[in-house]
There are 2 protein chains.
Amino acid sequence: VILATPPSATVDILKSLDFLFNSSVTITDTTSAKSSLNKILQKFNFPENIIFSHPVAGSHLSGEENSIDDLFKGKSTILSYHDSAAPLHVNRVMSLWQELGSKVSVLDAELHDRIFAYSSHLPHVVAYALLNTLKEIEQDDLALFSGGGLGEFLRLVSSSPEMWADIFSTNGKNIALAINDLVKNLNILQNKIANDPESLQDLLSELKAFKESNY
Amino acid sequence: VILATPPSATVDILKSLDFLFNSSVTITDTTSAKSSLNKILQKFNFPENIIFSHPVAGSHLSGEENSIDDLFKGKSTILSYHDSAAPLHVNRVMSLWQELGSKVSVLDAELHDRIFAYSSHLPHVVAYALLNTLKEIEQDDLALFSGGGLGEFLRLVSSSPEMWADIFSTNGKNIALAINDLVKNLNILQNKIANDPESLQDLLSELKAFKESNY
């Protein structure tokens, strides 16, 4: 059973599948927030046949008409499962994603949610906040005055609002911490811009080097 | 004379070109901040042969080895000039960019700098702040856990640190206001995520619609 639904719907469906818990059927999902799912499993003492999946793939488009062959090829998929998970079920889910060409990693559910708050959810929050800031400027054709990198980034805002409102709420506490860290770093830059051009250039150089060896 | 130098160097070179002011030679530049240049011209009563240019083109790469044919084709170029500018010089600079395939707009220098603080400089600040936030997470292979849109956006960080430190400092006051507005919008999202999932989804939908009709 693969639950390909938004986080909050997955929570509800998972509850309703309790008659399959600890059976020979393997259950997995595709959501990008795991701690809320884990809370349900805890009540059932972590059934051995539930292995969470998070394929990091897709575009801002949704619906069957936008399906893509080889969507998962070369992309990451993260598995999360409890110590009590049975190797049979772990291997079955791992094979599924590997056969689709995905690079599989394993992360604990809590760590998964903390990492994705920064690596994926925060960039989405930023794209929305940045676009809201640009929207407030009363200037026609503002896009004329932006470079190409911005347009690519703002494509994140074209994703499903229903899905992202759901992801943000489901992982709200971790995302709030990530937003606080970003605001701290915005203030650091703002202060260096105003007061310390030399250390500003040092920081930008350091970040360029980090970018080039990591992204 | 075309000054293709960073803002602060352009300020210095422009001063040293005072022997050409109000001559038949046309002077232009390519920098992305104009108010600091305008301050110099004010001391000379705005010579009629100086027309500022800002071509919105280029990549994160610099140096002659990265030059591109047709770099300006289909891209925007903004001209800024004082009322006292002579039509001969305005037309000459406008023709230059149009012959290179650029779409030419005209903006007052102060307005140019306020707009670019939001449309271009703020997205660069955000890319640096976001990367600094991700850098602080002690997690190897964090890029594995990010979607493709982030990588595109972070290419902004690969631009020349020297040039961007210079642009940030030259347009610092406008950029500080833009950062304040962004932080306000991050806090709005943070509050809606924590307290108001319905109005969160409404805002995301509104921003998706704005994105699709503007970017």
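Student: By what turn and what shift along the axis can chain B be laid on chain A?

Tutor: Two copies of a chain are related by a rotation about an axis and a shift along it. In this predicted model, where local features need pLDDT of at least 70, chain B is laid on chain A by a turn of 180° and a shift of 0.0 Å along the axis, with an RMSD of 0.0 Å (least squares on C-alpha atoms of residues with pLDDT of at least 70 in both). The two copies are thus related as by a two-fold rotation axis. In chain B, the C-alpha of B:F153 is nearest the axis, 2.6 Å from it. Residues are numbered from 1 along each chain as its sequence is written, and chains are lettered from A in the order in which they are written.

Student: What is the strand order of the open sheet in chain A?

Tutor: Strands of a sheet pair through backbone hydrogen bonds, either parallel or antiparallel. Here the order of the 3 strands is β3-β4-β5, with mixed pairing (strands are DSSP runs of E, at least two residues, numbered from the N terminus; two strands pair if DSSP finds at least two bridges between them). The edge strands, β3 and β5 (103-106) of chain A, each pair on one side only.

Student: How many bridges join β3(A) to β4 of chain A?

Tutor: These strands run antiparallel and are joined by 5 bridges. A:F52, for instance, has A:S80 in β4(A) as its bridge partner.

Notes
Predicted model: local features only at pLDDT ≥ 70, side-chain atom pairs only at ≥ 80, totals over all residues. Heavy atoms only, no water. Helix = DSSP H or I, 4+ residues; strand = E, 2+ residues; numbered from the N terminus.
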